[in-house]
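Colleague: I'm new to this, and I'd like to learn what the words really mean. Could you walk me through the structure?

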Amino acid sequence: MMSDKSKEPVSDDLPEGAHTEFEKSMSYGDYLDLPTLLSAQNPVTAEHDEPLFIMIHHISELWMKLGLHELLAAGKNISKDNLNPSFKMLSRVSAIQSQLIETWGVLSTMTPADYLKFRDQLGQSSGFQSHQYRQIEFFLGNKKPALLAPHRHDETILGLLSETLNNPSLYDEAILLLSRRGFEIDSIVTERDWSEVHEANASVQAAWLTVYQDPEAHWDLYELAEKLVDLEDSFQRWRYRHLITVTRIIGHKRGTGGTSGVDYLAKALNHRFFPELWEVRTVL
């Protein structure tokens with residue numbers, strides 16, 4: 001009878017103790033569900049650069065999923081006056097944004113000619129329709145009910161985004177915390193319609209000014225403020241790198257999703273999520 005050569009280990013090359021039998025146990029590929037993950041890239045053309053385009057967006061969506069996981073948890077901790085865990089979560093989000101920024105550098109290796117070979121086949125699909133990106137923006141405070149429109153075809157996603165839109169943002173939770181700590185915050189800020197964008201308010205700026213003038217007396221609030229500034233700093237660099245990459249590849253063409261493209265992205269850079277935290281630096 002012939003022996004089963006496939007089961008004979010190559011002892012000279014195999015690390016001592018390495019597991020090789022997985023008929024009854026979970027392997028690396030099983031744990032990560034790699035067959036599902038690696039089969040999700042389905043180009044609609046045979047063009048060489050389309051897999052790059054798809055995978056960069058897949059990677060970005062995975063990072064955004066983790067970012068949302070951390071942001072939402074940080075918001076819950078802030079709402080419970082439990083700041084220490086939130087600091088690590090917010091630092092992780094800033095690190096995630098650094099990874100997102102780097103993805104634009106990889107995508108920038110695609111030339112305009114490369115992209116034009118398959119751009120028309122994308123139809124009306126666009127990153128503008130990313131519901132995870134929209135949830136991040138809503139949770140950071142850039143609330144625009146009209147931006148629910150691209151998601152009306154999916155009740156689950158629409159419900160998720162509507163809930164984020166109508167609940168306090170991350171910054172709202174920080175301001176409510178200031179109020180609970182005894183700072184005098186105007187009721188028009190603490191009792192407002194959460195679906196509206198927060199506007200800079202003098203009472204909020206005064207509260208943060210007190211924190212910054214005496215960090216030792218308000219150390220955890222001071223650290224929270226700086227974590228939020230780090231977060232917005234990273235987010236703005238992500239937005240800017242997106243703008244430069246799009247400009248490099250398509251110039252001022254209209255986006256596949258119907259937006260004005262570069263001009264739309266440039267306007268987004270003007271929005272501040274946490275305005276008083278930037279203004280307080282001037283009045284210190």
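Modeller: Gladly! Let's start with Asn-201, which sits in the loop between α9 (187-190) and α10 (202-213); helices (H or I, at least four residues) are DSSP runs, numbered from the N terminus. Please remember that this is a predicted model, in which local features need pLDDT of at least 70 and side-chain atom pairs count only at pLDDT 80 or more, while totals for chains, interfaces and linings use all residues. Residues are numbered from 1 along each chain as its sequence is written, and side-chain values use heavy atoms, leaving out hydrogens and water.

Colleague: Why is Asn-201 called buried?

Modeller: Buried means under 20% relative accessible area, exposed means over 50%, and partly exposed is in between (1.4 Å probe, protein chains only). Asn-201 has a relative accessible area of 9%, so it is buried.

Colleague: Which residues does Asn-201 touch?

Modeller: Leaving aside residues up to four places away in sequence, Asn-201 touches Asp-186, Ile-188, Val-189 and Glu-276. Contact here means heavy atoms within 4.5 Å.

Colleague: What makes helix α8 mostly covered?

Modeller: Helix α8 spans residues 170-180, and nine of its eleven residues are buried. Among them are Leu-170, Tyr-171 and Asp-172. After α8 comes Gly-182, with a positive phi near 105°.

Colleague: How do you find where empty space is left?

Modeller: Rolling a probe the size of a water molecule over the atoms shows it. On a 1 Å grid over the protein atoms alone, a cavity is a set of points where a 1.4 Å probe fits but cannot get out, whereas a pocket is an open set with protein on both sides within 12 Å along at least five of seven lines; lining residues have an atom within 4 Å of a point.

Colleague: How much space lies in the largest pocket, and which element gives the most to its lining?

Modeller: About 1,500 Å³ lies in the largest pocket, where a volume is the space filled by probe spheres set on the points, with grid points joined across faces, edges and corners. Its lining has 50 residues, and His-57, Ser-126, Gly-127, Phe-128 and His-242 lie nearest the centre. Helix α3 gives the most to this lining, with eleven residues.

Colleague: And what lies in the second largest pocket?

Modeller: The second largest pocket holds about 230 Å³ of space. Its lining residues include Leu-72, Gln-135 and Glu-173, and α3 gives the most here, with four residues.

Technical notes:
Helices (H or I, at least four residues) and strands (E, at least two) are DSSP runs, numbered from the N terminus.
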